[in-house]
Amino acid sequence: MDKSQEEIDQMYMRLAINEAIKAREIGEVPIGAIIVKDDEVISTAFNLRESEKRAVAHAELLAIDRACKKVDSWRLEGATLYVTLEPCAMCSGAIVLSRIHRVVFGAADPKGGCAGTLMNLLQEERFNHQCDVTAGILAEECGELLTSFFQQLRKKKKEHKKIQNMESDL
């Protein structure tokens with residue numbers, strides 16, 4: 001029995017979630033991405049902005065860079081990008097420029113999403129390439145990774161501030 005497209009998307013999104021978990025484990029914002037071409041995962045990546053101290057070390061850009069090296073071309077025609085969070089403007093630009101055919105994302109990004117939330121750069125008809133977009137695959141799981149990460153971060157900051165206040169009272 002053949003798998004439905006939704007089942008395939010969920011299977012690959014779980015791999016992207018695994019990448020996001022790797023990011024979380026090293027203190028990075030948990031965003032993961034994978035690129036699939038011809039039913040083969042050709043690259044995986046997770047967010048490394050804090051570790052590398054580089055604004056451009058987004059999961060999508062790292063995955064695109066690795067995929068281009070693997071296929072020995074800047075064109076990723078026929079490829080699908082799976083990412084746990086809706087791509088931002090920078091990543092959307094790279095996705096369009098690399099000619100990725102399809103983007104599948106998990107959680108929407110109300111503050112920076114450029115695949116349909118704030119705007120839709122991936123399907124902007126004035127560009128010379130547009131992507132098919134599928135939103136909301138395993139959105140709850142993807143969103144929960146981010147929500148719990150930021151809750152923990154806020155809790156740590158609050159505890160740190162409390163300790164600083166106690167020390168200054170001494």
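In the predicted model, the largest pocket holds about 480 Å³ of space. Its lining comprises 22 residues, and those closest to the pocket centre are Val29, Ile31, Leu85, Asp109 and Leu146. Helix H3 (59-71) and helix H5 are the elements that give two or more residues to this lining. The largest share comes from H5, with four residues. By class, the lining of the largest pocket divides into twelve nonpolar, five polar and five charged residues.

Helix H5 also packs against another helix. Two packed helices are described by the angle between their axes and the distance between the axes. The axes of H1 (residues 5-25) and H5 (residues 139-169) come within 10 Å and cross at roughly 10 degrees. H1 is therefore roughly parallel to H5, as angles under 35 degrees count as such. On the H1 side, the contact is made by Met13, Arg14, Ile17, Ala20, Ile21 and Arg24. H5 contributes Glu141, Cys142, Leu145 and Phe149. Seven residues of this contact are nonpolar and three are charged, with no polar residues.

Thr134 lies in strand S5 (residues 132-135). Its relative accessibility is 22%, so Thr134 counts as partly exposed; the buried class requires a value under 20%. Leaving aside residues up to four places away in sequence, Thr134 touches Asp9, Arg102, Val103, Val104 and Phe105. Asp9 is 125 residues from Thr134 along the chain, yet the C-alpha atoms of the two residues are separated by 9.1 Å.

Definitions and conventions: Residues numbered from 1 in each chain as written. Predicted model: local features only at pLDDT ≥ 70, side-chain atom pairs only at ≥ 80, totals over all residues. Heavy atoms only, no water. Axes fitted to C-alpha atoms, helices over the stretch in contact; angles between N-to-C directions. Parallel < 35°, antiparallel > 145°, perpendicular 65-115°, else oblique. Contact = heavy atoms within 4.5 Å. Nonpolar A, V, L, I, M, F, W, Y, C, P; charged D, E, K, R; others polar. 1 Å grid on protein atoms, 1.4 Å probe; cavity = no way out; pocket = protein on both sides within 12 Å on 5 of 7 lines; lining within 4 Å. Points joined across faces, edges and corners; volume = space filled by probe spheres on them. Buried < 20%, exposed > 50% of the residue type's maximum accessible area, 1.4 Å probe, protein only.
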